[in-house]
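Subject: Structure handover

Hello,

The structure is below, followed by notes on what was found in it. Please read the notes with the structure open.

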Amino acid sequence: MKEVYRTNEPVILSAIESALEEAGLHCLIADQFTSMMEGSIGAIQRRVLVLDEEESRAREIITNLEAASDD
């Protein structure tokens, strides 16, 4: 699996997970428990992982999502 995004922002994480699933890509959100346990200091971010063969498509979706949120 490849990491395509890393954040502590739950809203961004949810939007990315939703966009990837809507596109038919399976993702795994790693480090949720560890991030939650360390509190709000932001030392450990949650990571979005996708299958190796879906990495480029996932990055494209995330880039488009970020561009749309800038408008």
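The largest nonpolar core has 14 residues, and those that touch the most other members are Val4, Ile16, Leu20, Cys27, Val48, Val50 and Ala58. A nonpolar core here is a set of buried Ala, Val, Leu, Ile, Met, Phe, Trp, Tyr and Cys residues joined through side-chain atoms within 4.5 Å; buried means under 20% relative accessible area, exposed over 50%, and partly exposed in between (1.4 Å probe, protein chains only). Two or more residues of this core come from each of strand 1 (2-7), helix 1 (10-22), strand 2 (27-30), strand 3 and helix 3. Helix 1 gives the largest share, four residues. Helices (H or I, at least four residues) and strands (E, at least two) are DSSP runs numbered from the N terminus.

This is a predicted model: local features need pLDDT of at least 70, side-chain atom pairs count only at pLDDT 80 or more, and totals for chains, interfaces and linings use all residues. Residues are numbered from 1 along each chain as its sequence is written, and side-chain values use heavy atoms, with hydrogens and water left out.

Apart from neighbours within four places in sequence, Ile16 is in contact (heavy atoms within 4.5 Å) with Tyr5, Val48, Ile62 and Leu65.

Along the sequence, the chain follows the pattern β-α-β-α-β-α, with three helices and three strands. Of its 71 residues, 30% count as buried. Among contacts with a separation of 6 or more, 64% join residues 24 or more positions apart.

Leu51 lies in the loop between strand 3 (46-50) and helix 3 (55-70). Leu51 is partly exposed, with a relative accessible area of 32%.

Regards
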